[in-house]
Amino acid sequence: MAAGGNGQYDCIVVGGGHNGLVCATYLARSGRSVLVLEAAERLGGAAVTREFAPGFRVSACAHLLHLMPAPLMRELGLAGHGLKLAAQALPTVALSADGAHLRLAPGDLSDLAQHSPADATAYAQWQALAQRLTAALHPVLAEPPPRLGTGSWRQRAALLRLGWQIRRLGRRDMRELLRIGGMCVQDLLDERFESGLLKGALALDAVLGSNLGPRSPGTVLSLLYRIAAAGGAEGLAQPQGGLGALSEALARAAGAAGAQMRTRAAVERIVVRQDRASGVVLASGEELAARVVISSADPKTTLLGLLGSEYLDAGFVRRVAQLRTRGLAAKLHLALEALPQFRGLTPAALRGRLLVAPSPDYIERAFNHAKYGEFSAAPMLEITVPTLADPALAPPGKQVLSVIVQYAPYALAAGWQGQRQRFTDLVIDTLAGFAPDLRRCVASAELLTPPDIEREFRISGGHWHHAELALDQFFMVRPVPGAAQYQAPVPGLFLCGAGCHPGGGVMGLAGRNAARQVMREAA
Ligand SMILES: Cc1cc2nc3c(=O)[nH]c(=O)nc-3n(C[C@H](O)[C@H](O)[C@H](O)COP(=O)(O)OP(=O)(O)OC[C@H]3O[C@@H](n4cnc5c(N)ncnc54)[C@H](O)[C@@H]3O)c2cc1C
């Protein structure tokens, strides 16, 4: 729907990442006029596909879809808007230096049973427990978090519902949740399993995208959180055409609902008049009016950059400024002339997610370097070869390798400028330990460090979650007290990106929750 006669939109959404698009769709479906303003030349934010070498395309940040709940995808009608999956229910292969890799596929523990019969039994028990615990957590993700200390019946009811979901677990599971909830994931894994490869794979899931190692407190919770977030989704999937194809389907859903979208439209400032957000000014100087502004840009950018501290009280400004937003995940893209031979893996096995995280100790050692602003000579890697399921991403017969590399400190002590080639070589050498002919296959490489991600995707610190997802920046206090229900302290201004509950990953729930909050609070 177009702006009203006075040129005013009901809602302006700043940023057309996946959360901005989800939010815009729900608001437009409610009959509101909605305009999405995206600074980049294409929509999708950190979920885009782009050419990184002539003829080679890749999902530039996020490369696997596994968190967006199936009911949300259906509600948005993404299949009808052109989304196709090139692969789904992908297995995970934990790589081992001796070629005895561990393959974990949904519903298939046969390879684990060969590695360790005891672990196969223990893993099935863990999966059952995790499913029960996360079934209680999953609904929490799909609702705005309750607000503490208000007399509102709706807030009290939300708290009661939360308590009831946990109480329903029963005494044994509730006790176990309390016992393990604050633990580090390494202790939990050592209690339950013997295989280093299995423990390494689960530890990677607990820390990927965050500033944590397997011995950091709270990492059992982050593992449960990832499982809970994935609870309604259908395993690890690869959209045909990369993650950008998901964003294109989201944009079509938003367009079909009546939302307008403009790219290359960087918002420079959120306009405040009579103490409420009333529109935006673009970098071009154009001013656009709206009853409500909803930003999917990260909280620091939105509140300190676009809004400005003059509209906020000093305590709130301090909390936002202190948000931990320095990313640790880098991305390496390789254009390959041919498929390298991974020792001990058939080309079919390469279609899965490959991990270089052979034990929790390996990961913790890699993390240790990051604490001092260095990168480790033995990094933790999550690898996909998207062209195996989707050959159109590369010229005929050629391949793309997409690698998430952790830990790559945002503030590298030696500075990234002189270290890019060394880091790239290090990752290629680490991979070549498993695929000796890799170097010969590499035609070109693109490295995105956290500062590159910050610059290119406009995310403060280049952080996966826009702000660290840790206990003190979580749920009812995410991103900060005073803005945890998607609502900024300035009336008419809302947040809807990964920096809000329930955090990052291509999930879409922050966008949907925020839209609901806007509909409630700014009817
Ligand atoms: C290296 C890396 C790998 C990842 N891998 C995965 C993965 O495999 N699977 C997964 O689920 N998640 C992954 N993630 C996390 C995931 O990509 C993000 O959490 C998610 O995409 C965030 O979505 P969003 O819509 O909230 O924000 P964003 O995607 O960051 O979108 C925000 C948008 O706002 C725009 N914007 C900012 N400022 C302005 C402005 N002033 N004016 C106009 N527009 C503006 C930006 O250009 C951007 O398009 C990864 C993240 C990283 C960094």
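**Group meeting: pockets, ligand shell and backbone details**

Let me start with open space: the second largest pocket holds about 770 Å³. A pocket here is found on a 1 Å grid over the protein atoms alone, as an open set of points with protein on both sides within 12 Å along at least five of seven lines; a cavity is a set of points where a 1.4 Å probe fits but cannot get out, and lining residues have an atom within 4 Å of a point. Grid points are joined across faces, edges and corners, and the volume is the space filled by probe spheres set on the points.

Before I go on, two housekeeping sentences. This is a predicted model, so local features need pLDDT of at least 70 and side-chain atom pairs count only at pLDDT 80 or more, while totals for chains, interfaces and linings use all residues. Residues are numbered from 1 along each chain as its sequence is written, and side-chain values use heavy atoms, with hydrogens and water left out.

Back to that pocket. Its lining has 27 residues, and those nearest the centre are Tyr 123, Gln 127, Asp 205, Ile 227 and Gly 235. Helix 4 (117-141), helix 8 (196-207) and helix 9 (219-229) are the elements that give two or more residues to this lining. Helices and strands, by the way, are DSSP runs numbered from the N terminus: H or I with at least four residues for helices, E with at least two for strands. Which element gives the largest share of the lining? That is helix 4, with five residues. By class, the lining of the second largest pocket divides into 15 nonpolar, seven polar and five charged residues. For the classes, Ala, Val, Leu, Ile, Met, Phe, Trp, Tyr, Cys and Pro count as nonpolar, Asp, Glu, Lys and Arg as charged, and the others, Gly among them, as polar.

Now the ligand. It is surrounded by 35 residues, the closest being Asn 19, Glu 38, Trp 464, Gly 505 and Val 506; the cut-off is a heavy atom within 4 Å. The shell is made up of 20 nonpolar, 13 polar and two charged residues. His 18 puts a polar side-chain atom 3.1 Å from an oxygen atom of the ligand. A polar backbone atom of Ala 46 is 2.8 Å from a ligand oxygen, and for a polar backbone atom of Ala 498 the distance to an oxygen atom of the ligand is 2.8 Å. How much of the ligand's own accessible area does the protein cover? The answer is 98% of 1000 Å², using the Shrake-Rupley method with a 1.4 Å probe; for residues, only the protein chains shown count as cover. Helix 1 (18-29) and helix 16 (450-457) are the elements giving two or more residues to the ligand shell.

Rolling a probe the size of a water molecule over the atoms shows where empty space is left. The count comes to one cavity of 30 Å³ or more, and the largest cavity holds about 90 Å³. Its lining has 13 residues, with Ser 59, His 63, Gln 238, Thr 384 and Pro 386 nearest the centre. Strand 4 (56-59) and strand 8 (238-239) each bring at least two of the lining residues. In the lining of the largest cavity, seven residues are nonpolar, six are polar and none is charged.

Next, an arginine inside the protein. Arg 353 sits in strand 14 (residues 353-356). Is Arg 353 buried or exposed? It counts as buried because its relative accessibility is 3%, where buried means under 20%, exposed over 50% and partly exposed in between, with a 1.4 Å probe and protein chains only. Its side chain makes a polar contact with the side chain of Glu 382 at 2.8 Å. A polar contact is a pair of N or O atoms within 3.5 Å; within protein, one must be able to donate a hydrogen and the other to accept it, and residues adjacent in sequence count only if both atoms are side-chain atoms.

Finally, the backbone. Most residues other than glycine have a negative phi, and most peptide bonds are trans. Here, the bond from Gln 406 to Tyr 407 is cis, with omega near 20°, and Tyr 407 is in the loop between strand 16 (399-406) and helix 14 (420-432). Arg 478 and Pro 479 are also joined by a cis peptide bond, with omega about -5°. Arg 264 has a positive phi near 50°, and it counts as exposed at 64% relative accessibility.

Thanks, everyone!
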